[in-house]
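Hi everyone, thanks for coming.

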Amino acid sequence: SSLRRVSKLRKTRRKKEAEAQQAAAAKKQAKKRASQAAEDDWLFDDKDKKDAPQADDNDSEDDFTFRMFAPDELEKLQCPPKPVNKELKVVNLIDWDECDVADETEEVT
């Protein structure tokens, strides 16, 4: 009888300690979220938000706008790379003839 009471008290004490730890962790997480920049919200979203159904962000008429993808979305979209069959060509973007101009200090002398 007394052993049952002791084990019951221990169980309730453990349960209260676990609840207190969860509350402290939740408070710490809330404090961390309050101090982070709004721009970082997309990176630190909770998993429960991730699992929730989201509105389709592709409602815009212009499909050529910038869109940021989450890592799990990229894994779904990635396709194997296509082999390149054409030869690469290096193009020189500097016109060296135009750059070959005498310095102003040399002309003065």
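Before anything else, a word on terms: helices here are DSSP runs of H or I with at least four residues, strands are runs of E with at least two, and both are numbered from the N terminus.

Some housekeeping. This is a predicted model, where local features need pLDDT of at least 70, side-chain atom pairs count only at pLDDT 80 or more, and totals for chains, interfaces and linings use all residues. Residues are numbered from 1 along each chain as its sequence is written, and side-chain values use heavy atoms, with hydrogens and water left out.

Okay, how much is buried? Of the 109 residues, 1% count as buried; that means under 20% relative accessible area, with exposed being over 50% and partly exposed in between, using a 1.4 Å probe and protein chains only. The chain exposes about 11900 Å², and carbon and sulfur atoms supply 54% of that. Those areas come from the Shrake-Rupley method with a 1.4 Å probe, and for residues only the protein chains shown count as cover.

Now look at α1. Its 34 residues should span 50 Å at 1.5 Å a residue, and the end C-alpha atoms are 49 Å apart, which agrees. The expected span is 1.5 Å times one less than the number of residues.

On to surface patches: they take residues with over 30% relative accessible area and no salt bridge, joining like charges within 9 Å and nonpolar side chains (Val, Leu, Ile, Met, Phe, Trp, Tyr) within 5 Å. A salt bridge is a side-chain nitrogen of Lys or Arg within 4 Å of a carboxyl oxygen of Asp or Glu.

Trp42, Leu43, Phe66 and Met68 make a nonpolar patch of about 510 Å². Leu43 sits in the loop between α1 (2–35) and α2 (47–51).

That's my tour, thanks!
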